[in-house]
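Hello,

Here is the structure I promised to pass on to you.

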Amino acid sequence: MKLLITGGAGFIGSNFIHYMLTEYPDIQIVNFDALTYAGNLENLGPVERNPRYTFVKGDITVEADVTAVFQAHAMDAVVHFAAESHVDRSLLLGPEGPEAFIRTNILGTQRLLDTARVHRVRRFVHVSTDEVYGSLESEGRFMETSPIQPNNPYAATKAGSDFMVRAAHRSHGLDAVITRCSNNFGPYQFPEKLIPLMIANALENKPLPVYGDGRQVRDWIYVRDHCRGIDCVLRQGKAGEVYNIGGMHDVPNLEVVRLILKLLNKPDSLIQHVTDRPGHDRRYAIDSTKIETELGWRRQFDFETALKATVDWYLQYRTWWERIRSGEYQKYYATMYGKR
Ligand code: NAD
Ligand code: DAU
């Protein structure tokens with residue numbers, strides 16, 4: 001099988017490439033990525049000389065780039081990860097704000113769908129998120145049939161892209177499937193997201209900025225479990241269907257942050273409550289019954305073991321995140337947290 005992976009230089013995409021190349025000796029992968037601030041070829045260092053792996057720099061919003069990669073490689077399937085993925089950035093004013101999210105997440109997805117149709121790709125997997133469902137009260141879990149009620153620009157653009165994928169399937173018969181996963185963590189996650197940011201700050205004895213009261217709940221899943229779920233959907237998912245993928249570990253942010261401090265032997269006094277995120281969703285929790293019963297997927301990693309492995313990874317690969325944090329990231333950190 002020949003796979004086009006979009007956004008493979010990012011966090012989940014790079015983990016997926018490592019997973020697939022290890023699991024399937026016959027698979028060939030083309031990684032198509034624009035290398036935005038979140039794309040990092042260091043994430044693919046271990047496979048860059050693998051003859052079954054090719055990197056193509058390109059932007060999913062640019063027609064010529066997308067056409068060229070489909071013309072150069074006969075793809076069996078597309079697994080689409082490329083996106084602007086950080087909620088806080090989608091709340092900024094200016095070109096890095098919602099506009100960038102609309103361009104990549106909606107227009108870019110449409111460009112891929114059109115090109116996949118022209119080139120008769122056999123399967124298109126769209127990697128989406130539980131954020132499209134909005135926020136839960138204290139009870140219940142998101143089902144695939146839950147209403148789509150996004151509350152921030154990132155989530156709204158992912159919902160928009162989900163609708164375009166659905167439309168490509170219904171209008172043109174494109175064999176497309178959608179996955180909606182909860183919060184991932186693990187190796188190679190950009191240190192703007194909660195878990196790697198807290199690990200890095202704690203290691204540098206800097207304050208850990210917890211938004212609001214820190215009682216917002218997220219459903220954490222180890223990235224490798226998500227990758228296995230995407231693989232299941234790629235191989236066995238039914239065209240036109242949506243599959244939720246969750247970690248079954250929904251806990252308040254403060255609990256996660258305290259556990260990180262404990263694993264690093266750092267004091268809770270590093271926690272600093274800061275102004276809340278506007279429109280901050282209170283609670284996410286996923287019901288994964290459909291993928292479990294129909295495709296036989298099960299979460300394999302428990303949260304505490306996987307978090308410990310993640311903390312160990314960030315300790316071992318300190319230069320990976322220190323390099324990121326020493327560049328443009330400093331401007332980002334000052335904008336986001338400077339006056340909070
Ligand atoms: P990420 O921000 O780490 O990586 C995104 C990648 O996409 C980067 O390599 C970037 O260079 C690339 N990219 C961005 N714009 C592009 C463009 N116009 N053309 C080509 N490449 C472009 O993201 P992630 O956390 O790995 O998330 C991957 C996907 O999974 C996203 O679609 C996201 O919505 C979804 N998702 C993420 C999570 C999570 O917890 N991180 C959970 C559920 C779903
Ligand atoms: O649910 C899936 C989504 O999870 C994905 O679709 C997104 O791409 C991914 O970024 C993630 O979104 P969140 O907004 O939930 O993730 P983030 O890591 O930014 O924040 C997790 C929680 O921690 C959230 O309640 C906000 C809070 N937080 C985050 C940061 C960065 C803090 O309290 N302090 C922080 O500094």
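Predicted model: local features only at pLDDT ≥ 70, side-chain atom pairs only at ≥ 80, totals over all residues.

**The whole protein**

The protein contains twelve helices and twelve strands. Its radius of gyration is 19 Å, close to the 20 Å that the globule rule gives for 340 residues, so the protein is as compact as a globular protein of that length. The C-alpha trace spans about 55 × 45 × 40 Å along its principal axes. Of the 340 residues, 56% are buried. If you take the contacts between residues at least 6 apart in sequence, 82% of them join residues at least 24 apart.

**Two helix pairs**

Two packed helices are described by the angle between their axes and the distance between the axes.

Start with α1 (residues 11-23) and α7 (residues 223-236), which pack at an angle of about 65° with their axes 9 Å apart. That angle makes α1 roughly perpendicular to α7, because 65 to 115 degrees counts as roughly perpendicular. Their crossing is right-handed. On the α1 side, the residues in contact include F11, F16 and Y19, and on the α7 side they include V223, I230 and L234. By class, the residues of this contact divide into nine nonpolar, two polar and five charged.

Now find α6 (residues 194-203) and α11 (residues 318-326), where the angle is about 95° and the axes lie 12 Å apart. These two helices are therefore roughly perpendicular to each other as well. L197, A200, N201 and L203 of α6 meet R318, W321 and R325 of α11. Four nonpolar, one polar and two charged residues make up the contact of α6 with α11.

**Two residues with positive phi**

Most residues other than glycine have a negative phi. Which residues here have a positive phi although they are not glycine? R120 has a phi near 50°, and Y188 has one of about 70°.

R120 sits in the loop between α4 (98-118) and β5 (123-129).

Enjoy exploring, and write back with any questions!

Best wishes

How values were computed. Residues numbered from 1 in each chain as written. Chains lettered and ligands numbered in written order. Heavy atoms only, no water. Axes fitted to C-alpha atoms, helices over the stretch in contact; angles between N-to-C directions. Helix = DSSP H or I, 4+ residues; strand = E, 2+ residues; numbered from the N terminus. Parallel < 35°, antiparallel > 145°, perpendicular 65-115°, else oblique. Left-handed = near helix turned anticlockwise from the far one by under 90°. Contact = heavy atoms within 4.5 Å. Nonpolar A, V, L, I, M, F, W, Y, C, P; charged D, E, K, R; others polar. Rg over C-alpha atoms; globule rule 2.2 N^0.38 Å. Buried < 20%, exposed > 50% of the residue type's maximum accessible area, 1.4 Å probe, protein only.
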